Amino acid sequence: MIKKVLLVGNPNTGKSTIFNALTGKHQHTGNWSGKTVGNASGIMKYKNREFEITDLPGIYSLDPISEDEKQAVDCLKSGIAHLIVVVLDATCLERNLILASEITKLCTNVIVCVNLLDEAEKKGISVDIDKLGKMLKTKVIPTKARSGIGIRELKEEIYSYNKKCGCCCCSADCIYRNCVYSDQDIINNKDRKIDRILTSRIFGIPIMLLLLCCILWITIWGANYPSGILSHFFGRIEEFLLIYFEDSNILIRGLLIEGVFRTLSWVVSVMLPPMAIFFPLFTILEDLGYLPRIAFNMDHIFKKANAHSKMILSMCMGLGCNAAGVISTRIIESKKERLIAIITNNFMPCNGRFSSLIMLATVFISGGMLVSVKVALAVTAAILSGVLITFIVSYILSNTVLKGEQSSFVLELPPYRAPQPMAIIRRSIRERIVYVLFRAVAVAAPAGAVIWLLQNVSYNDITLLAYIADFLDPFARLMGLDGYILTAFIIGMPANEIVIPIVLMCYTRSSGLIEFNSLSELGELLRANGWTYITAICTMIFSLNHFPCATSLLTIKKETGSMKWTVASFVIPTGVGIILCIAANCILKLL
Ligand SMILES: Nc1nc2c(ncn2[C@@H]2O[C@H](COP(=O)(O)OP(=O)(O)OP(=O)(O)O)[C@@H](O)[C@H]2O)c(=O)[nH]1
Ligand SMILES: [Mg+2]
């Protein structure tokens, strides 16, 4: 039978980094506590033998508080493990050793891995590994997991492990005093100086906004040209395909080329470039350790809305994917606050909606100097409005249906760590670009076929798409949209990436446009179909505030285990979106 090995330890000690090094998998890593919120397993192959390695969420003690900690402790206590590897952070062994000694008292199949030794060395901390092993009565392996040092030794130890360890009878404090030597002058001085600025009451929030705006500006400025190039490239391929299959039947020419291929090429050329630029930049902040600082800066504002400031971390995850954002709320200890975080996560634009916002702002803010700066400011304002709506909805929920005591919690500020550029690029390609391309094939391609069929199947000389759009049109107009836009939001429910490409597909039939040289050129197509700046603003508002995509809804159902809260997560953002769109439409028309 395959032997099971568990990786446990305090949060942010490098468990997932070690897991990835042992198994070759790609678990999410980053410099903040609480990234791994569920057990993840992978196979380690070593000397013709296989071991099942499980990466557990971080825990501080064997008394769990939050959902993710409960999962880890349950797994640890279940007794399924052949071996437990306790991963310790060498830079804060005083605290990490408390858990290690607790586990060695409870279990006899333990080895200890002292990780982050490179950082400890820089901070003037040295660890007597032999003495630590003797006091803990277990084997201790020193590692620098990020650079792969010590991983082979750890594999060898897992492979050859056969004898039980003794029961540790020293206190964590005693072990720490005997095995760890530190030069107090070096510790944390640099980090504290940086924190004094980045988390200061005066500069903290302005610096945060400036950073967000800068990242968006780089994204917008950089995405325009690749979008045009990709569109041109796909346009040429489409022309070639249409000529090549000139005599083929309508299914190949129409359904496959004008339907499936064209939607795919829209998704890739309009949606991919902003994501390919934004997410590596965002990952730099994540690896640097800036995300918990954002939560720290926002803490007092969140408290006013009776919300948990760890919500900021799940909101940041929601910026990439709302389903991931919903899962990451497991780090929130209180059930009611977690529910609030789940319901409001959708107000953070995910990959797909984020690119839609950039595209719409780019299309309608043109002319004059500093266009990309203006567009960046508009998208920043859109994201901030999402944060504001999160506050308002959290406040209302926490004072009505989800009333309860506000919980206290520990938010760790990790040390600043230099990001690794190559690792970030590799991760962005794997987690974002491949993900978008996969979604393009899995969701956009079938949606393209559906749209083409709706556009080409007629009843009484009117296409099915026109029927649906006409039916929705009066209500959509009240919201400042049109029937086609609302239809695209409904058909785009499986994935937000396809909403704008569907709108474009609906309009291209009349104009025949299949390629563009820059994002702003798309404005011509939209204006020709009756769009004004009011339509763009209302579409942006509805894009930011509408029902979660199908994957997010399924995740909400799984995480809450309740149909009632899943329906609430659908109705609340959609209701907010409809009200805001109608209000914006009326006000802007009066101006
Ligand atoms: N300098 C240095 N950084 C490391 C080392 N090991 C991990 N890291 C970094 O430490 C951070 C945390 O690593 P993770 O593997 O995500 O930690 P984790 O224990 O899985 O964290 P949670 O899942 O949140 O509990 C990441 O930024 C890693 O790149 C190391 O040996 N040296
Ligand atoms: Mg982890």
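## Exercises: helix packing, a sheet and a ligand shell

**Exercise 1.** Which residues of H18 meet which residues of H19, and how do they divide by class?

*Solution.* Start with the residue list. On the H18 side you'll find Ile-468, Ala-469, Asp-470, Leu-472, Asp-473 and Ala-476, and they meet Gly-483, Tyr-484, Ile-485, Leu-486 and Thr-487 of H19 (contact means C-beta atoms, placed from the backbone, within 7 Å). Sorted by class, the contact residues of H18 and H19 give seven nonpolar, two polar and two charged (Ala, Val, Leu, Ile, Met, Phe, Trp, Tyr, Cys and Pro count as nonpolar, Asp, Glu, Lys and Arg as charged, and the others, Gly among them, as polar). Helices here are DSSP runs of H or I with at least four residues, strands are E runs of at least two, and both are numbered from the N terminus.

Before going on, some ground rules: this is a predicted model, where local features need pLDDT of at least 70 and side-chain atom pairs count only at pLDDT 80 or more, while totals for chains, interfaces and linings use all residues. Residues are numbered from 1 along each chain as its sequence is written, with chains lettered from A and ligands numbered from 1 in the order in which they are written.

**Exercise 2.** At what angle do H18 and H19 pack?

*Solution.* H18 covers residues 464-478 and H19 residues 483-491; their axes lie 7 Å apart at an angle of about 105° (axes are lines fitted to C-alpha atoms, for helices over the stretch in contact, and angles run from 0 to 180 degrees between N-to-C directions). That's why H18 counts as roughly perpendicular to H19 (under 35 degrees is roughly parallel, over 145 roughly antiparallel, 65 to 115 roughly perpendicular and the rest oblique).

**Exercise 3.** What is the strand order of the six-stranded open sheet, and which strands stand at its edges?

*Solution.* The order reads S2-S3-S1-S4-S5-S7, and the pairing is mixed (two strands pair if DSSP finds at least two bridges between them). S2 (40-46) and S7 (140-142) are the edge strands, each with a single partner, so one side of each has no neighbour in the sheet. On average, neighbouring strands are turned by 25° against each other, direction ignored.

Now take the two ends. S2 and S3 run antiparallel and share seven bridges; Gly-42 has Ile-53 in S3 as its bridge partner. Their hairpin has two residues between the strands, and Lys-47 takes a positive phi near 45° there. At the other end, S5 (residues 110-115) runs parallel to S7 with three bridges, and Val-112 stands opposite Val-140 in S7.

**Exercise 4.** Which residues come nearest to ligand 1, and which helix supplies the largest share of its shell?

*Solution.* Of 24 residues around ligand 1, Gly-14, Ser-16, Thr-29, Thr-36 and Gly-58 come nearest (a shell residue has its C-beta atom, placed from the backbone, within 6 Å). H1 (15-23) and H4 (117-122) each supply at least two shell residues, with H1 giving the largest share, three. By class, the shell has three nonpolar, 13 polar and eight charged residues.

Note on methods
Two residues are in contact if their C-beta atoms, placed from the backbone, lie within 7 Å.
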